[in-house]
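Here are some notes to read alongside the model. Have a look at the structure first, then go through the points in order.

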Amino acid sequence: MTATPDPDGLLLSDSERMHALDALGKHFADGRLDSAEFYERSGAVATARTVRALDESFRGLPGGVPLTRVNGQLAKVPFGEGAVVAGGDSATPTAAAELSALRARGDRIESIDWIILGTTLISFLVLQVIVGWDYAWILWPSLIITLSIPRMILRFSDSDEELYEELKESETKARKKRLAEAAKRIRELEGDKGAG
């Protein structure tokens, strides 16, 4: 009787290692890891030989190691937006929770704004072009009222809107910086692998 190989001891291919590095880069870009943690973990992933060696690098990250075992083979687990992180004390609102709630309300308002604008444009075109109504232009000034209704319902003030825009801009800049840093580190690690 032959012994079944340890599934955690399966050797990694270069492609599987790169997939793990990409997943780690995504966690870094999302802000789950600081630069020092990312550099340390990405270095460990780049030199990992087995699936088990990846465990520590993905400890505490949603989804864990982005590889799974299927019929004795390794398969890449897709990673993407929307990883859910459980935890936190919902009874005591923090500044982070308030900003998160503001961001969610702002995202909702932004989506509603696009729906209203799209609906108004389509209505205008139908009334003006198809029906031939000369007063279809009246829809555009009515946008002032139509766009303010969701803001009143969701209690989204002008100062909330300014803070939301600043938050979005700040998150975008930070994410771009982390993505650039992650890409640079992955290129460094690929270069080290090619030289070694």
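Which residues of α1 are buried? They are Glu16, Arg17, His19, Ala20, Leu21, Ala23, Leu24, Gly25, Lys26, His27, Phe28 and Ala29, where buried means under 20% relative accessible area, exposed over 50% and partly exposed in between (1.4 Å probe, protein chains only).

1. Ground rules. This is a predicted model, in which local features need pLDDT of at least 70 and side-chain atom pairs count only at pLDDT 80 or more, while totals for chains, interfaces and linings use all residues. Residues are numbered from 1 along each chain as its sequence is written, and side-chain values use heavy atoms, with hydrogens and water left out.

2. Layout. The protein has five helices and two strands, running α-α-β-β-α-α-α from the N terminus. Helices (H or I, at least four residues) and strands (E, at least two) are DSSP runs, numbered from the N terminus. Of the 196 residues, 27% are buried.

3. Confidence. The average pLDDT (the predictor's confidence in each residue, from 0 to 100) is 82, and 85% of the residues score at least 70. Residues 81–93 stay under 50, and the model gives them seven contacts beyond four places in sequence; contact means heavy atoms within 4.5 Å. Where pLDDT is low, the predicted coordinates should not be read in detail.

4. Helix α1. Back to this one: 12 of its 16 residues are buried. Its end C-alpha atoms are 22 Å apart, which agrees with the 22 Å that residues 14–29 should span at 1.5 Å a residue; the expected span is 1.5 Å times one less than the number of residues. Just after α1, Gly31 has a positive phi of about 90 degrees.

5. Aromatic pairs. There are five of them. Rings of Phe, Tyr and Trp (its six-membered ring) pair if their centres lie within 6.5 Å; planes under 30 degrees apart count as stacked, over 60 as edge-to-face and the rest as tilted. Phe28 and Phe38 are stacked, at 4.5 Å centre to centre with 10 degrees between the planes. Phe28 sits in α1 and Phe38 in helix α2 (residues 35–47), so this pair ties together parts 10 residues apart in sequence. Both are buried, Phe28 at 2% relative accessibility and Phe38 at 0%. Together with Tyr39 they form one aromatic cluster.

6. Leu143. This residue belongs to helix α4 (residues 139–153) and is buried, with a relative accessible area of 10%. Leaving aside neighbours within four places in sequence, Leu143 contacts Ile116, Leu117 and Thr120.
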